[in-house]
Amino acid sequence: MMSLKKKMKAEMQDKKILNQARDHAFEYIDQIEEMDVFPSDKNLKNLIQFDEELNDNGCSGDILLNKLHRYGSQATVAQTGGRYFGFVNGNAIPASLGAKWLADIWDQVGGLYVSSPINSKLESVCEEWLKDLFNLPESTVAGFVSGTSMANLSAIAAARFQILKNLGWDINKKGLNGAPKIRIIAHDQVHASVKRTLTILGFGTDNVERVPADDQGRVIVEALPKLDKSCIVLLQAGNVNTGAFDNFDAVCDLANEVNAWVHIDGAFGLWAAATKSMSYLTKGMEKASSWAVDGHKTLNAPYDSGIVLCKHPDALVSAIHATGDYLIHSEHKDPYLYGPEMSKRCRSVELWAAMKYLGKNGIDEMITGFNQRANQLAQGLEKIGFTIHNDVVFNQVLVSYHDDETTDAILNNVQQSGNMWCGGTIWQGNSAIRLSVCSWMTDENDIAETINIFEKALSQLTKTVTT
Ligand SMILES: *Cc1c(COP(=O)(O)O)cnc(C)c1O
């Protein structure tokens, strides 16, 4: 029998397995517009095929890839098609995906310059480009992490470090026991990942000073408590339901007067700053101390792409960096200093590729397009009787139809249709349907088709009521 090493080396050289994966992937691409947007019950049941014991002798790559494609591809959501409006999920730009495939073959550990010079270089390039696109202060540094959850965690840890330092306390040495109190100021509409960060970092959700939000989910500035230098203020660019933006200009001015820290969670919304028509939404955001944003949502880089941006490099690096005698620092960017991970994918590659492919005008055009499609969707749904709950300033559309029961029934119907998918939420105490336009694939026809699907759901509903 061939040794395992010999076998794998032969597989790397003859590339049959990689070609097979490519063939399956191409078949997936070709069927994306016909497949169910959410998998059918039959395809979900087939997931049972993966319930098996790990056997002693392994399995050929050929067999496992066939299995993965046959049952796995069918149990995906067709997020890369044009009619997926769930959560705020992005698509993947082909050139960016191609760059990722190449980087997958490199299989780099992106943490240190000495473990991947190319990742270090592209992180530095992306950092400069992002500062330029978002018009951020020169001192800003970027960490490239798995998503905005990790970016929020990193930034709020930096805030905690800096605020305590300003109060004469070194948290890295002394920890939290006996530390001066930090005041967390947040409004009712902060994202779940921010709430999770507050629990991970030991602040506790009960200790948050909650500020009321208005009917769009924006902080009511007049309702802010008096700020001081012990405050971390958490704001949002892009509410997950309405897409609304907080008033950064006013809140940052109040915070900066007393040396408080403002963090902006802009997972999908921060990209408004890179457009001509919507940059008014982020006015004043450069006056904050830190920002979190995703590459994998609005920018349509493939998944696993979040960025933490921080105006105070010392705070970020001190809060999350690790030390070890074996770690080799260079005069280049050592990526692990700016994020909580050590071993990590060379994820700057896809982000770099997405931005390089689109250029400034392409980024503007794509994101402005999301807003146009979202408005088309809102107008179409309003015409057939839906209530639109938000000002469609960005890419989110929040709707309902009469009462909770009807709204839930319509949501259930469109989700079952297989032709599109979106999720539900509770908005100001009532059921609502939320649609997020966040894919380069989504065009006017997809929106028209989606409005038809809603119309059909409505007529089926009236039929059941009358019969
Ligand atoms: C998606 C999202 C997050 C979490 O980001 P991940 O990339 O999923 O970790 C945080 N905040 C907002 C506003 C989001 O939309």
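Q: Which helix holds H24?
A: H24 lies in helix α2, residues 16-31. Helices (H or I, at least four residues) and strands (E, at least two) are DSSP runs, numbered from the N terminus. This is a predicted model: local features need pLDDT of at least 70, side-chain atom pairs count only at pLDDT 80 or more, and totals for chains, interfaces and linings use all residues. Residues are numbered from 1 along each chain as its sequence is written, and side-chain values use heavy atoms, with hydrogens and water left out.

Q: Why is H24 called buried?
A: Buried means under 20% relative accessible area, exposed over 50%, and partly exposed in between (1.4 Å probe, protein chains only). H24 has a relative accessible area of 17%, so it counts as buried.

Q: What makes the link between the side chains of H24 and N66 a polar contact?
A: A polar contact is a pair of N or O atoms within 3.5 Å; within protein, one must be able to donate a hydrogen and the other to accept it, and residues adjacent in sequence count only if both atoms are side-chain atoms. The side chains of H24 and N66 are joined at 3.1 Å, so the distance meets the cut-off.

Q: Why is V88 called buried?
A: Its relative accessibility is 3%, so V88 falls under the limit for buried. V88 lies in the loop between α4 (61-72) and α5 (94-106). Leaving out residues up to four places away in sequence, V88 touches F268, K297, Y303, N395, Q396, R434, S436 and C438; contact means heavy atoms within 4.5 Å.

Q: How do you know that K297 counts as buried?
A: The relative accessibility of K297 is 15%, so it too is under the limit. K297 sits in the loop between β6 (290-294) and β7 (306-310). UniProt, in an unreviewed entry, lists K297 for "modified residue: N6-(pyridoxal phosphate)lysine"; such annotations may be inferred rather than shown by experiment.
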